[in-house]
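Keep the sequence and the 3D view side by side. This walk-through goes from the sheet to the helices, then to single residues.

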Amino acid sequence: MDTLYLAADPIEAEILREYLAAHGIACSVLGSGLWSGRGELGADIYPRLCLQDERDRPQAETLLRQYEHRRHSHAEWRCGCGEASPVSFETCWQCGEPRPA
């Protein structure tokens, strides 16, 4: 299996696995068990996301680019209730309304 994404830690790997699954893309997380040895092992021990079907790669890469953009962006969106929330929030932190498309 070819690596689709190298996650920062096991938590990010699982979040992204679920994010892709919500869009109909199945993938596996490999290497999470090595994370606890990161200070002692002289190896690349970051968790990897690997696709179960390579035909999903273009859509998965697009979704991961969107994730990276939101993760590193300091932009905000304004909810109908008037509150501003970071673009990384899917719902308004104040009222819980979903972010507009």
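Predicted model: local features only at pLDDT ≥ 70, side-chain atom pairs only at ≥ 80, totals over all residues.

Strands of a sheet pair through backbone hydrogen bonds, either parallel or antiparallel. Here the sheet is open and has three strands, in the order 1-3-2. The pairing is antiparallel. Strand 1 covers residues 3–6, and strand 2 covers residues 27–30. These two are the edge strands, and each pairs on one side only. From one strand to the next, the twist averages 30°.

Now take the pairs one at a time. Strand 1 runs antiparallel to strand 3, residues 48–51, and three bridges join them. Tyr 5 has Leu 49 of strand 3 as its bridge partner. Turn next to strand 2. Strand 2 pairs with strand 3 over four bridges, again in the antiparallel sense. Ser 28 stands opposite Cys 50 in strand 3.

Helix 1 lies across strand 1, strand 2 and strand 3. Its direction runs at about 175° to strand 2. Helix 2 also packs on the sheet, where it touches strand 1 and strand 3. The direction of helix 2 makes about 10° with that of strand 1.

How do the helices meet each other? Helix 1 spans residues 10–22 and helix 2 spans residues 57–72. They pack at an angle of about 130°, with their axes 11 Å apart. That angle makes helix 1 oblique to helix 2; to count as roughly antiparallel, it would have to be over 145 degrees. The crossing of the two helices is right-handed.

Look at the residues that make this contact. Helix 1 supplies Glu 12, Leu 16, Tyr 19 and Leu 20. Helix 2 supplies Ala 60, Leu 63, Leu 64, Gln 66, Tyr 67, Arg 70 and Arg 71. By type, the contact residues of helix 1 with helix 2 divide into seven nonpolar, one polar and three charged.

Arg 57 is found in helix 2. Is it buried or exposed? Arg 57 is buried, because its relative accessible area is 17% and the cut-off for buried is under 20%. Leaving out residues up to four places away in sequence, Arg 57 touches Asp 2, Thr 3, Leu 4 and Leu 51.

Glu 61 also has its place in helix 2. Its relative accessibility is 32%, so Glu 61 counts as partly exposed. Glu 61 and Ala 26 are 35 residues apart in sequence. In space they are 13 Å apart, C-alpha to C-alpha.

His 69 is in helix 2 as well. At 56% relative accessibility, His 69 counts as exposed, because the cut-off for exposed is over 50%. His 69 and Ser 88 lie 19 residues apart in sequence, and 8.8 Å apart in space, C-alpha to C-alpha.

Key. Residues numbered from 1 in each chain as written. Heavy atoms only, no water. Axes fitted to C-alpha atoms, helices over the stretch in contact; angles between N-to-C directions. Parallel < 35°, antiparallel > 145°, perpendicular 65-115°, else oblique. Left-handed = near helix turned anticlockwise from the far one by under 90°. Contact = heavy atoms within 4.5 Å. Nonpolar A, V, L, I, M, F, W, Y, C, P; charged D, E, K, R; others polar. Pairing = 2+ DSSP bridges. Buried < 20%, exposed > 50% of the residue type's maximum accessible area, 1.4 Å probe, protein only.
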